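Welcome! Here are a few exercises with worked solutions, to be done with the structure in view. Take your time with each one before reading on.

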Amino acid sequence: MHRGIEDTLRLVSYLLHGITIERDYGELPVISCHPSQLAQVWTNIVANAADAMTEAARTSATSDPVHIGTITVRTSVPTEGWITVAISDNGPGIPPAILPHVFEPRFTTKSGQVRFGLGIGLPLCRSIVAAHHGTMRIETGSTGTTVTVDLPINGLPEPAPPRDTLTSQPTPTLPETTSHNPADPQEFL
């Protein structure tokens, strides 16, 4: 899990200029999951946090352009059989009027404007987490946002045993037929 998160942080590093990344990694067991799908979840959450903090710094006259903010990634095993990944930022938070809409397809708040037609990230994240039989929740306020993903250790169902698609059945016998060659004039004599 930690390797996947680290890969994500490297992938989105171009978005993280001026943003400090703090890690508070607990000891996690290996879980049953699709790592590339979960990487999409981490990428979207971190990118959203970075975008929100960068936008807030750009529009604020008092912000420090060298240090925009901090994203903290915490992992833990809060309950037997489950792991938690919590990604927090100290950005401006999600306005209360916007929060109920963040999981709606094509809903976005990029560039300070609420626009319809671009936001697929959080709905996709929620569907990936649900496919892993996990949960996703958002807590937000004026001092930042935390997105928490809880995943069961055995999040994916066991693969079904392969079905035998080749069966041995007797070949049906066809009645005897005769054929004719219309090009042979002797055949009709």
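**Exercise 1.** Which residue forms a salt bridge with Arg137, and how far apart are the closest N and O atoms?

*Solution.* Before starting, note that this is a predicted model, where local features need pLDDT of at least 70, side-chain atom pairs count only at pLDDT 80 or more, and totals for chains, interfaces and linings use all residues. Residues are numbered from 1 along each chain as its sequence is written, and side-chain values use heavy atoms, with hydrogens and water left out.

Step 1: recall what to look for, namely a side-chain nitrogen of Lys or Arg within 4 Å of a carboxyl oxygen of Asp or Glu. Step 2: go to Arg137 and find Asp150, where the closest N and O atoms are 2.4 Å apart. Asp150 belongs to strand β7 (residues 144–152) and Arg137 to strand β6 (residues 135–141), so their pairing ties together parts 13 residues apart in sequence. Strands here are DSSP runs of E with at least two residues, helices are runs of H or I with at least four, and both are numbered from the N terminus.

**Exercise 2.** Which parts of the chain does the salt bridge between Asp24 and Arg74 tie together?

*Solution.* Step 1: the two side chains meet at 3.7 Å, N to O. Step 2: Asp24 sits in strand β1 (residues 19–25) and Arg74 in strand β2 (residues 69–76), so the bridge links parts that are 50 residues apart in sequence. Step 3: Asp24 is partly exposed at 42% relative accessibility, and Arg74 is partly exposed at 39%.

**Exercise 3.** Now step back and describe the whole chain.

*Solution.* Step 1: count 3 helices and 7 strands. Step 2: read their order from the N terminus, α-β-α-β-β-β-β-α-β-β. Step 3: of the 189 residues, 34% count as buried. Step 4: a search of the whole structure gives 6 salt bridges.

Note on methods: Buried < 20%, exposed > 50% of the residue type's maximum accessible area, 1.4 Å probe, protein only.
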